[in-house]
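Me: Could you take a close look at the sheet in this model for me, and at what packs around it? I'd like one connected answer, with the cut-offs spelled out.

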Amino acid sequence: MKRVAVVMRQSPFNTCRNAEALRMTVGLTLGDQAIAVIFRDDGVYTLLPTQPALIGSLEIDKHLETLQLLNVRLIAEWESLTERNLSQLKWDVERLGQREVVQLLAESDAIICY
């Protein structure tokens with residue numbers, strides 16, 4: 001089984017990039033791979049309660065719900081959360097330090113960055 005890490009570093013606002021990344025990740029679950037989605041830098045804002053339809057953006061929540069149902073690892077980098085004073089997230093995700101994230105990336109067979 002291959003290990004795939006999807007890294008989301010960009011803000012979900014004013015772009016459909018994060019929604020598309022999550023949609024693509026749902027598609028990855030069809031293969032025989034262990035998937036981890038890592039939210040770091042401004043990508044951690046994806047984990048806040050938002051209403052993308054209000055600004056004409058694509059849906060994020062349905063993809064996150066699907067990934068949770070499929071037991072995909074959702075990980076927020078602790079330092080990114082701390083730097084942005086984010087403690088209350090809409091989604092229940094693992095919170096790993098930068099060292100653990102780097103280790104997970106080093107052990108991955110493929111890394112897809114958004």
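Reply: Five strands make up an open sheet, ordered S4-S3-S2-S1-S5, and their pairing is parallel. Strands here are DSSP E runs of at least two residues, helices are H or I runs of at least four, and both are numbered from the N terminus; two strands pair if DSSP finds at least two bridges between them. Strand S4 (94-96) and strand S5 (110-113) stand at the edges with a single partner strand each, so one side of each has no neighbour in the sheet. From one strand to the next, the twist averages 25 degrees (axes are lines fitted to C-alpha atoms, for helices over the stretch in contact, and angles run from 0 to 180 degrees between N-to-C directions).

This is a predicted model: local features need pLDDT of at least 70 and side-chain atom pairs count only at pLDDT 80 or more, while totals for chains, interfaces and linings use all residues. Residues are numbered from 1 along each chain as its sequence is written, and side-chain values use heavy atoms, leaving out hydrogens and water.

Now to the S1 side. Strand S1 (residues 2-8) runs parallel to S5, joined by four bridges, and Val7 stands opposite Cys113 in S5. Helix H1 packs on the sheet, touching S1, S2 and S5 (contact means heavy atoms within 4.5 Å), and the direction of H1 makes about 170 degrees with that of S1.

H1 (17-28) is also among the elements that cover the buried residues of H2, as are strand S2 (33-39) and strand S3 (73-77).
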